Amino acid sequence: MAENFLIGTYTKKASKGMYAVTLDPTKGQLVNDRVIVESEKPAYLQVGPNHLVFSIRQEGNLGGVASYHIENGVATLVDKSLSAGSPPAYVGLDSKRHLMFTANYHKAEVNVYQINPDGTFVQTDSVKHEGTHGHEPEQADGPHPHFTDLTPDGRLAVCDLGMDLLVIYNISDDGKLTAANQFKFEPGFGTRHMVFAPNGQYAYVLGELSSKLAVLKYNAADASFTHIQTIKTIPDDWTAHNGAAAIHITSDGKFIYTSNRGENTIAVFAVQPDHTVKHIQSISSEGDFPRDFELNSDEKFLIASNQNSDNLTLYRRNTENGMLTLMQKDVISPEPVCVKKWFEQN
């Protein structure tokens with residue numbers, strides 16, 4: 001059965017906003033790239049229930065987040081919350097407590113919103129990260145929250161790239177945050193994104209600035225972490241600039257995928273019995289600056305987005321050994337950044 005995906009984009013060049021593309025699994029092709037929402041810089045998004053989509057939004061010098069109702073290919077702006085300055089870098093959802101979280105890289109803020117049944121929302125809390133800057137030039141101006149989403153036990157995990165930190169917050173039912181614990185990485189790690197193993201006991205954290213993948217054991221009793229392993233996402237002899245970007249884990253917890261902007265690859269890791277990881281493949285993204293990617297519903301395909309070269313790339317995935325095989329490249333998509341499964345049928 002065909003599957004739809006939403007593509008969040010930058011709008012610095014030709015992009016008009018949020019796009020959609022359809023995967024035809026029988027032919028192994030992406031088809032019908034089309035505009036769904038005309039908006040400035042909907043670079044990251046999350047798909048919610050009841051035909052709702054939550055996205056970053058920018059309007060001139062204002063930045064924030066917005067919600068849309070999208071049904072039968074028709075999008076309607078439901079609500080938006082904007083303020084002076086840059087929009088967030090990440091949007092996370094808590095469907096159980098009907099909450100939305102944003103991480104604002106430039107403002108060093110983590111914001112929480114209560115979502116109403118109709119998709120409107122109201123801010124319930126805001127936490128500003130403060131502290132000394134990290135090791136690399138990109139960390140010179142201090143904290144930079146880049147990811148904020150749920151832990152398996154319902155806390156909030158925040159990756160702060162500027163401070164090499166993973167911060168955990170407790171969340172009240174009415175959307176208030178209380179600091180619970182934190183884990184400090186090596187200087188210059190550049191904490192960007194993370195995923196948890198299906199058993200909830202291990203976390204895999206991606207360092208943008210270091211191009212490294214860290215394996216941590218999670219203790220839900222006190223929200224603490226124990227370091228298990230750190231491994232490079234690029235070859236040891238790679239000397240040109242690289243920035244690790246996205247990370248995803250398969251539903252069975254056996255394979256982890258990361259993207260490398262610079263080497264322009266998707267790196268594949270096999271999870272070992274002791275929960276460490278082993279690098280098994282790096283495959284070209286067939287474009288420049290692979291920002292994000294997504295597995296389809298049965299995890300037999302992977303779609304990657306190349307921001308600078310304005311194209312999507314499709315791979316077939318071997319579900320037994322995790323390896324990727326190129327199926328399609330040069331799928332035109334302007335400034336693609338974020339890729340999300342979307343179950344809307346058009």
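Here are some friendly notes on the pockets, nonpolar cores and salt bridges of this predicted model.

1. Ground rules. Because the model is predicted, local features need pLDDT of at least 70 and side-chain atom pairs count only at pLDDT 80 or more, while totals for chains, interfaces and linings use all residues. Residues are numbered from 1 along each chain as its sequence is written, and side-chain values use heavy atoms, with hydrogens and water left out.

2. The largest pocket. A pocket here is an open set of points on a 1 Å grid over the protein atoms alone, where a 1.4 Å probe fits, with protein on both sides within 12 Å along at least five of seven lines; lining residues have an atom within 4 Å of a point. The largest pocket holds about 820 Å³ of space, a volume being the space filled by probe spheres set on the points, which are joined across faces, edges and corners. Its lining has 27 residues, and Gln46, Tyr90, Asp149, His248 and Lys340 lie nearest the centre.

3. What lines the largest pocket. Strands are DSSP runs (E, at least two residues), numbered from the N terminus. At least two lining residues come from each of E4 (45-47), E8 (90-94), E12 (145-150), E16 (191-196), E20 (243-249), E24 (290-295) and E28 (336-342). By class, the lining of the largest pocket splits into 16 nonpolar, 5 polar and 6 charged residues; Ala, Val, Leu, Ile, Met, Phe, Trp, Tyr, Cys and Pro count as nonpolar, Asp, Glu, Lys and Arg as charged, and the others, Gly among them, as polar.

4. The second largest pocket. About 530 Å³ of space lies in this one. Tyr10, His146, Arg192, Arg261 and Arg291 are the closest to its centre among 27 lining residues. E16, E20 and E24 each supply at least two residues of this lining, and E20 gives the most, with 3 residues. The class count for the second largest pocket is 13 nonpolar, 7 polar and 7 charged.

5. Nonpolar cores. A core is a set of buried Ala, Val, Leu, Ile, Met, Phe, Trp, Tyr and Cys residues joined through side-chain atoms within 4.5 Å; buried means under 20% relative accessible area, exposed over 50% and partly exposed in between, with a 1.4 Å probe and protein chains only. In the largest core, of 42 residues, Met100, Leu166, Met194 and Phe225 touch the most other members. Leaving aside residues up to four places away in sequence, Met194 has contacts (heavy atoms within 4.5 Å) with residues including Phe147, Leu166, Tyr204 and Ile247.

6. Lys13 sits in the loop between E1 (3-9) and E2 (17-24) and Asp310 in the loop between E25 (301-306) and E26 (311-317), so the pair ties together parts 297 residues apart in sequence. Lys13 is exposed at 51% relative accessibility, whereas Asp310 is partly exposed at 25%.

7. A buried pair. Glu208 and Arg261 also meet in a salt bridge (3.3 Å, N to O). Glu208 lies in the loop between E17 (202-207) and E18, and Arg261 in strand E21 (255-261), 53 residues apart. Both Glu208 and Arg261 are buried.

Definitions and conventions. Helix = DSSP H or I, 4+ residues; strand = E, 2+ residues; numbered from the N terminus. Salt bridge = Lys/Arg side-chain N within 4 Å of Asp/Glu carboxyl O.
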